[in-house]
Amino acid sequence: MSSKVPSVVLSPWNFSFISKTKILPVLSMAMKSPSTILTKLASLYRHLWKPPPKKPPYNHICRIGDPVLRCEAKTVDVKAINSEEIQKVISKMKKVMKKHKAVGLAAPQIGCSLRIITMEFCPDILKKFPPSVVLSREYQAFPLQVFVNPVMTVVERHKVTFPEACECIKGYSALVPRYYEVKITGYNEKAEEVEWQVKGWPARIIQHELDHINGRIYTDIMLSQSFQYDFWYQEHLQKWFNIFIRK
């Protein structure tokens with residue numbers, strides 16, 4: 001956002017949106033200080049056209065730096081799971097996760113500080129990776145999973161390290177150590193008790209999303225020297241291509 005005050009054009013179109021009770025005092029000031037009128041009119045202009053702030057749950061994913069990502073999310077009252085408010089959050093999480101083609105999402109990522117996570121690994125995703133990668137990382141397709149107030153228990157304390165990314169830090173990734181096998185318990189969107197014990201990549205997704213509801217991001221535990229921008233090579237190629245075209 002620029003710190004410069006935007007220029008304002010005084011025209012009948014502008015005045016039709018500004019009441020006389022506001023504009024007349026401003027015009028009277030102009031006689032005393034020419035710079036004052038520009039500042040005041042710019043302020044009025046921004047006030048008229050500034051859209052009202054959106055309220056969560058958002059249609060977008062919050063980016064790193066948003067305070068909501070650093071707060072420990074609140075426990076959801078089990079009796080409230082079937083309420084319109086919580087169901088709206090869960091429904092929005094499903095839509096946003098699908099929109100961004102993510103395999104997991106936590107409520108804080110759409111601005112809601114609640115202990116809710118959603119996960120899904122579609123079979124089509126497996127087709128995007130070489131068989132060797134699918135095997136080594138233990139990618140596994142699984143249907144949509146919703147956990148409210150999830151609690152994780154480590155089954156296999158051995159940790160494995162693989163590249164991990166997050167929509168909150170889009171375009172970047174790093175090596176992150178995670179427990180190999182875990183069990184998660186909680187409630188589904190119908191307020192029914194559920195549990196799920198998994199290993200490999202699904203276990204990594206669970207740990208990643210639980211980090212989010214505890215105010216953590218993968219960058220907190222990554223191998224720092226492995227942190228990278230995933231498209232650095234493409235940018236080199238693009239710059240080379242642009243130079244070639246100019247010639």
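**Close-up views of the strand pairings**

**View 1. Strands β4 and β5.** Seven bridges pair β4 with strand β5 (residues 193-199) in the antiparallel sense; strands count as paired if DSSP finds at least two bridges between them. Helices (H or I, at least four residues) and strands (E, at least two) are DSSP runs, numbered from the N terminus. Lysine 183 has glutamine 197 in β5 as its bridge partner. Five residues lie between the strands of the β4 and β5 hairpin, where alanine 191 takes a positive phi near 70°.

The model is predicted: local features need pLDDT of at least 70, side-chain atom pairs count only at pLDDT 80 or more, and totals for chains, interfaces and linings use all residues. Residues are numbered from 1 along each chain as its sequence is written, and side-chain values use heavy atoms, with hydrogens and water left out.

**View 2. Strands β3 and β4.** Strand β3 (residues 142-165) runs antiparallel to strand β4 (residues 172-187), and 13 bridges join them. Alanine 165 is partnered by serine 173 in β4. The hairpin of β3 and β4 has six residues between the strands, and glycine 171 there has a positive phi near 95°.

**View 3. Strands β4 and β6.** Strand β6 (residues 228-229) pairs with β4 over two bridges, again in the antiparallel sense. Tyrosine 229 in β6 stands opposite tyrosine 172.

**View 4. The whole chain.** Eight helices and six strands make up the elements of the protein chain, in the order α-α-α-α-β-β-α-α-β-β-β-α-β-α from the N terminus. Of its 247 residues, 37% are buried, meaning under 20% relative accessible area (1.4 Å probe, protein chains only).

Definitions and conventions: Buried means under 20% relative accessible area, exposed over 50%, partly exposed in between (1.4 Å probe, protein chains only).
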